[in-house]
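Keep the structure open while you read.

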Amino acid sequence: MPSPSVEQYLQSICKLGGIDGRVQLKLVAEDLNVSPASVTEMAGRLDGLGLCRYEPYRGITLTAKGRTMALNLLRKHRLWERFLADVLGLPWDVVHTEAHRLEHATSDEVAERLAALLDNPETCPHGFPVPGPDGEMTPRSGVLLSELEPGSRGLVIRVIRETAPLLSHLERLGLTLGAVVEVRSRDPFDGAMLAAVGGVERALGRTVTESVVVERLQGGDPGEHA
(Lines give C-alpha, C1' and ligand atoms only; values in the text may rest on other atoms or scores of the structure.)
Protein backbone atom coordinates (compact mmCIF):
# COMPACT_ATOMS: atom_id res chain seq x y z
CA MET A 1 0.00 0.00 0.00
CA PRO A 2 1.41 3.45 -0.92
CA SER A 3 2.43 5.69 1.96
CA PRO A 4 0.29 8.72 2.90
CA SER A 5 2.98 11.00 1.44
CA VAL A 6 2.83 9.21 -1.92
CA GLU A 7 -0.96 9.47 -1.89
CA GLN A 8 -0.79 13.18 -1.07
CA TYR A 9 1.47 13.83 -4.07
CA LEU A 10 -0.83 11.84 -6.36
CA GLN A 11 -3.80 13.94 -5.27
CA SER A 12 -1.92 17.17 -5.85
CA ILE A 13 -0.77 16.16 -9.34
CA CYS A 14 -4.31 15.06 -10.19
CA LYS A 15 -5.85 18.30 -8.92
CA LEU A 16 -3.33 20.40 -10.87
CA GLY A 17 -4.14 18.74 -14.19
CA GLY A 18 -1.94 15.65 -14.27
CA ILE A 19 -4.82 13.43 -15.40
CA ASP A 20 -4.53 14.49 -19.03
CA GLY A 21 -1.52 16.80 -19.14
CA ARG A 22 1.86 17.63 -17.67
CA VAL A 23 2.20 19.45 -14.36
CA GLN A 24 5.25 21.55 -13.55
CA LEU A 25 6.97 20.49 -10.32
CA LYS A 26 6.96 24.10 -9.12
CA LEU A 27 3.15 24.02 -8.94
CA VAL A 28 3.19 20.81 -6.90
CA ALA A 29 5.71 22.37 -4.49
CA GLU A 30 3.47 25.42 -4.06
CA ASP A 31 0.34 23.32 -3.60
CA LEU A 32 1.90 21.09 -0.93
CA ASN A 33 4.07 23.82 0.60
CA VAL A 34 7.25 21.75 0.25
CA SER A 35 10.65 22.43 -1.29
CA PRO A 36 11.28 21.92 -5.04
CA ALA A 37 14.00 19.41 -4.12
CA SER A 38 11.47 17.30 -2.20
CA VAL A 39 9.12 17.29 -5.19
CA THR A 40 11.91 16.28 -7.57
CA GLU A 41 12.86 13.39 -5.30
CA MET A 42 9.24 12.23 -5.01
CA ALA A 43 8.71 12.57 -8.78
CA GLY A 44 11.48 10.07 -9.37
CA ARG A 45 10.00 7.75 -6.76
CA LEU A 46 6.52 7.93 -8.30
CA ASP A 47 7.98 7.21 -11.72
CA GLY A 48 9.73 4.15 -10.32
CA LEU A 49 6.44 2.92 -8.82
CA GLY A 50 4.72 3.23 -12.19
CA LEU A 51 2.30 5.85 -10.88
CA CYS A 52 3.64 8.80 -12.88
CA ARG A 53 5.83 9.61 -15.84
CA TYR A 54 8.46 12.20 -14.96
CA GLU A 55 10.73 13.97 -17.43
CA PRO A 56 13.16 16.55 -16.02
CA TYR A 57 12.32 20.12 -17.11
CA ARG A 58 9.11 18.90 -18.79
CA GLY A 59 7.01 18.02 -15.76
CA ILE A 60 5.04 15.06 -14.51
CA THR A 61 1.86 13.28 -15.57
CA LEU A 62 -0.11 10.43 -14.03
CA THR A 63 -0.12 6.94 -15.55
CA ALA A 64 -3.39 5.01 -15.83
CA LYS A 65 -2.56 3.29 -12.54
CA GLY A 66 -1.74 6.62 -10.91
CA ARG A 67 -4.95 8.25 -12.21
CA THR A 68 -7.12 5.47 -10.79
CA MET A 69 -5.45 5.72 -7.40
CA ALA A 70 -5.51 9.54 -7.33
CA LEU A 71 -9.19 9.81 -8.26
CA ASN A 72 -10.13 7.21 -5.65
CA LEU A 73 -8.25 9.18 -3.00
CA LEU A 74 -9.75 12.49 -4.12
CA ARG A 75 -13.24 11.03 -3.87
CA LYS A 76 -12.65 9.91 -0.28
CA HIS A 77 -10.94 13.18 0.63
CA ARG A 78 -13.69 15.42 -0.72
CA LEU A 79 -16.47 13.30 0.74
CA TRP A 80 -14.84 13.61 4.15
CA GLU A 81 -14.51 17.37 3.66
CA ARG A 82 -18.25 17.57 2.98
CA PHE A 83 -19.05 15.43 6.02
CA LEU A 84 -16.82 17.50 8.30
CA ALA A 85 -18.30 20.76 7.02
CA ASP A 86 -21.96 19.80 6.55
CA VAL A 87 -22.50 17.30 9.36
CA LEU A 88 -19.97 18.31 12.01
CA GLY A 89 -20.01 22.02 11.17
CA LEU A 90 -16.23 22.47 10.97
CA PRO A 91 -15.05 25.64 9.16
CA TRP A 92 -13.76 25.36 5.60
CA ASP A 93 -10.20 26.26 6.62
CA VAL A 94 -10.03 23.17 8.87
CA VAL A 95 -11.70 20.40 6.85
CA HIS A 96 -8.92 19.98 4.26
CA THR A 97 -6.30 19.00 6.84
CA GLU A 98 -8.70 16.80 8.81
CA ALA A 99 -9.85 14.99 5.65
CA HIS A 100 -6.22 14.10 4.86
CA ARG A 101 -6.05 12.24 8.17
CA LEU A 102 -9.21 10.25 7.43
CA GLU A 103 -8.93 9.41 3.72
CA HIS A 104 -5.97 7.03 4.06
CA ALA A 105 -7.89 4.70 6.39
CA THR A 106 -11.17 4.76 4.42
CA SER A 107 -12.25 1.67 2.50
CA ASP A 108 -14.24 1.90 -0.73
CA GLU A 109 -17.30 0.51 1.07
CA VAL A 110 -17.14 3.21 3.74
CA ALA A 111 -16.69 5.87 1.04
CA GLU A 112 -19.85 4.73 -0.75
CA ARG A 113 -21.85 4.75 2.48
CA LEU A 114 -20.50 8.22 3.21
CA ALA A 115 -21.56 9.39 -0.26
CA ALA A 116 -25.07 8.01 0.27
CA LEU A 117 -25.32 9.67 3.68
CA LEU A 118 -24.37 13.01 2.10
CA ASP A 119 -26.77 12.49 -0.85
CA ASN A 120 -23.89 12.20 -3.34
CA PRO A 121 -22.51 15.75 -3.23
CA GLU A 122 -21.16 17.23 -6.46
CA THR A 123 -18.45 19.42 -4.93
CA CYS A 124 -16.29 19.76 -1.84
CA PRO A 125 -16.59 22.85 0.41
CA HIS A 126 -13.89 24.58 -1.67
CA GLY A 127 -15.72 24.05 -4.97
CA PHE A 128 -13.74 21.14 -6.44
CA PRO A 129 -15.82 18.35 -8.02
CA VAL A 130 -16.18 15.08 -6.13
CA PRO A 131 -15.12 12.25 -8.49
CA GLY A 132 -17.79 9.62 -9.02
CA PRO A 133 -17.23 5.98 -8.04
CA ASP A 134 -16.19 5.36 -11.66
CA GLY A 135 -13.67 8.22 -11.59
CA GLU A 136 -15.77 10.63 -13.63
CA MET A 137 -15.13 14.25 -12.68
CA THR A 138 -16.36 17.38 -14.46
CA PRO A 139 -15.22 20.67 -12.91
CA ARG A 140 -17.40 23.73 -13.34
CA SER A 141 -15.72 26.03 -15.85
CA GLY A 142 -14.49 29.44 -14.76
CA VAL A 143 -11.57 31.86 -14.81
CA LEU A 144 -9.18 33.15 -12.18
CA LEU A 145 -10.38 36.28 -10.43
CA SER A 146 -7.14 37.92 -11.60
CA GLU A 147 -8.38 37.65 -15.21
CA LEU A 148 -11.47 39.79 -14.69
CA GLU A 149 -11.30 43.27 -16.17
CA PRO A 150 -12.38 46.42 -14.29
CA GLY A 151 -16.16 46.78 -14.50
CA SER A 152 -16.78 43.04 -14.79
CA ARG A 153 -18.40 40.74 -12.24
CA GLY A 154 -17.88 37.14 -11.19
CA LEU A 155 -19.41 34.49 -8.95
CA VAL A 156 -16.92 32.63 -6.72
CA ILE A 157 -17.11 28.91 -7.57
CA ARG A 158 -13.79 27.45 -6.40
CA VAL A 159 -10.64 28.10 -4.35
CA ILE A 160 -7.63 26.35 -5.85
CA ARG A 161 -5.21 26.74 -2.93
CA GLU A 162 -6.60 24.95 0.11
CA THR A 163 -4.15 26.12 2.77
CA ALA A 164 -5.71 27.02 6.12
CA PRO A 165 -4.22 30.56 6.38
CA LEU A 166 -5.45 31.49 2.89
CA LEU A 167 -8.92 30.02 3.42
CA SER A 168 -9.24 31.86 6.72
CA HIS A 169 -8.17 35.10 5.01
CA LEU A 170 -10.66 34.59 2.17
CA GLU A 171 -13.46 34.09 4.67
CA ARG A 172 -12.58 37.37 6.38
CA LEU A 173 -12.74 39.07 2.98
CA GLY A 174 -16.12 37.47 2.22
CA LEU A 175 -14.64 35.53 -0.72
CA THR A 176 -16.52 32.30 -0.06
CA LEU A 177 -18.41 30.14 -2.54
CA GLY A 178 -21.37 31.99 -4.01
CA ALA A 179 -20.00 35.47 -3.29
CA VAL A 180 -20.31 38.06 -6.07
CA VAL A 181 -17.21 40.10 -6.89
CA GLU A 182 -17.25 43.31 -8.92
CA VAL A 183 -13.84 44.54 -10.07
CA ARG A 184 -13.42 48.30 -9.65
CA SER A 185 -9.78 48.67 -10.69
CA ARG A 186 -6.64 46.60 -11.28
CA ASP A 187 -3.02 47.70 -11.09
CA PRO A 188 -1.37 46.85 -14.45
CA PHE A 189 2.04 46.49 -12.78
CA ASP A 190 1.50 44.06 -9.89
CA GLY A 191 -2.08 42.89 -10.46
CA ALA A 192 -3.40 44.27 -7.16
CA MET A 193 -7.15 44.71 -7.39
CA LEU A 194 -9.82 46.90 -5.83
CA ALA A 195 -13.13 45.07 -5.85
CA ALA A 196 -16.53 45.03 -4.20
CA VAL A 197 -17.17 41.68 -2.49
CA GLY A 198 -20.81 41.30 -1.56
CA GLY A 199 -21.09 45.08 -1.82
CA VAL A 200 -18.10 45.77 0.47
CA GLU A 201 -15.01 47.34 -1.13
CA ARG A 202 -11.85 45.28 -0.64
CA ALA A 203 -8.19 45.58 -1.66
CA LEU A 204 -7.13 42.19 -3.03
CA GLY A 205 -3.53 41.10 -3.53
CA ARG A 206 -2.28 38.83 -6.27
CA THR A 207 -2.11 35.76 -4.02
CA VAL A 208 -5.85 36.11 -3.44
CA THR A 209 -6.88 36.88 -7.02
CA GLU A 210 -4.82 33.97 -8.38
CA SER A 211 -6.33 31.52 -5.89
CA VAL A 212 -10.02 32.20 -6.53
CA VAL A 213 -11.93 30.88 -9.55
CA VAL A 214 -15.05 32.75 -10.65
CA GLU A 215 -17.81 32.30 -13.19
CA ARG A 216 -18.24 35.43 -15.29
CA LEU A 217 -21.56 37.19 -14.77
CA GLN A 218 -23.43 39.22 -17.33
CA GLY A 219 -24.58 42.73 -16.48
CA GLY A 220 -28.06 41.83 -15.27
CA ASP A 221 -27.22 38.49 -13.68
CA PRO A 222 -27.83 38.70 -9.91
CA GLY A 223 -25.15 36.05 -9.33
CA GLU A 224 -27.27 33.46 -7.60
CA HIS A 225 -26.78 29.74 -7.98
CA ALA A 226 -29.22 28.07 -10.32
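α1 and α2 pack with their axes 10 Å apart, at an angle of about 115 degrees. Axes here are lines fitted to C-alpha atoms, for helices over the stretch in contact, and angles run from 0 to 180 degrees between N-to-C directions. Helices (H or I, at least four residues) and strands (E, at least two) are DSSP runs, numbered from the N terminus. This is a predicted model: local features need pLDDT of at least 70, side-chain atom pairs count only at pLDDT 80 or more, and totals for chains, interfaces and linings use all residues. Residues are numbered from 1 along each chain as its sequence is written, and side-chain values use heavy atoms, with hydrogens and water left out.

**α1 against α2**
- The crossing of α1 and α2 is right-handed. A crossing is right-handed if the near helix is turned clockwise from the far one by less than a right angle, and left-handed if anticlockwise.
- From α1, the contact uses Gln8, Tyr9, Ser12, Ile13, Lys15 and Leu16. From α2, Leu27, Val28, Asp31 and Leu32 take part. Contact means heavy atoms within 4.5 Å.

**The buried face of α2**
- Helix α2 covers residues 25-32, and its buried residues are Leu25, Val28, Ala29, Asp31 and Leu32. Buried means under 20% relative accessible area, exposed over 50%, and partly exposed in between (1.4 Å probe, protein chains only).
- Seen down the axis of α2, these buried residues fall within an arc of 165 degrees, so they line one face of the helix. The arc is that of the directions from the helix axis to the C-beta atoms.
- An α-helix has 3.6 residues a turn, so residues three or four places apart point the same way.
- The cover over the buried residues of α2 includes α1 (4-18), α3 (36-48), β1 (52-55) and β2 (59-62).
- Asn33 follows α2 and has a positive phi, near 55 degrees.

**α2 against α3**
- The axes of α2 and α3 come within 9 Å and cross at roughly 115 degrees. The two helices are therefore roughly perpendicular to each other. Angles of 65 to 115 degrees count as roughly perpendicular, under 35 as roughly parallel, over 145 as roughly antiparallel and the rest as oblique.
- α2 passes α3 in a right-handed crossing.
- Leu25, Val28 and Ala29 of α2 meet Pro36, Val39, Thr40 and Ala43 of α3.

**α4 against α5**
- Helix α4 (residues 64-87) packs on helix α5 (residues 95-103) at about 125 degrees, with axes 8 Å apart. That makes α4 oblique to α5.
- This crossing of α4 and α5 is right-handed too.
- α4 brings Lys76, His77, Trp80, Glu81, Leu84 and Ala85 to the contact. α5 brings Val95, His96, Glu98, Ala99, His100, Leu102 and Glu103.

**Cysteines**
- The whole structure has zero disulfides. A disulfide is a pair of cysteine sulfur atoms within 2.5 Å.
- For Cys14, the nearest cysteine sulfur is that of Cys52, 10 Å away. Cys14 is buried, at 4% relative accessibility.
- For Cys124, the nearest cysteine sulfur is that of Cys14, 13 Å away. Cys124 is buried, with a relative accessible area of 0%.

**Two single residues**
- Ser146 sits in the loop between β3 (143-144) and β4 (153-159). Ser146 is buried, at 19% relative accessible area.
- Not counting residues up to four places away in sequence, Ser146 touches Arg186, Met193, Thr209 and Glu210.
- Val110 lies in helix α6 (residues 108-117) and is partly exposed, at 38%.
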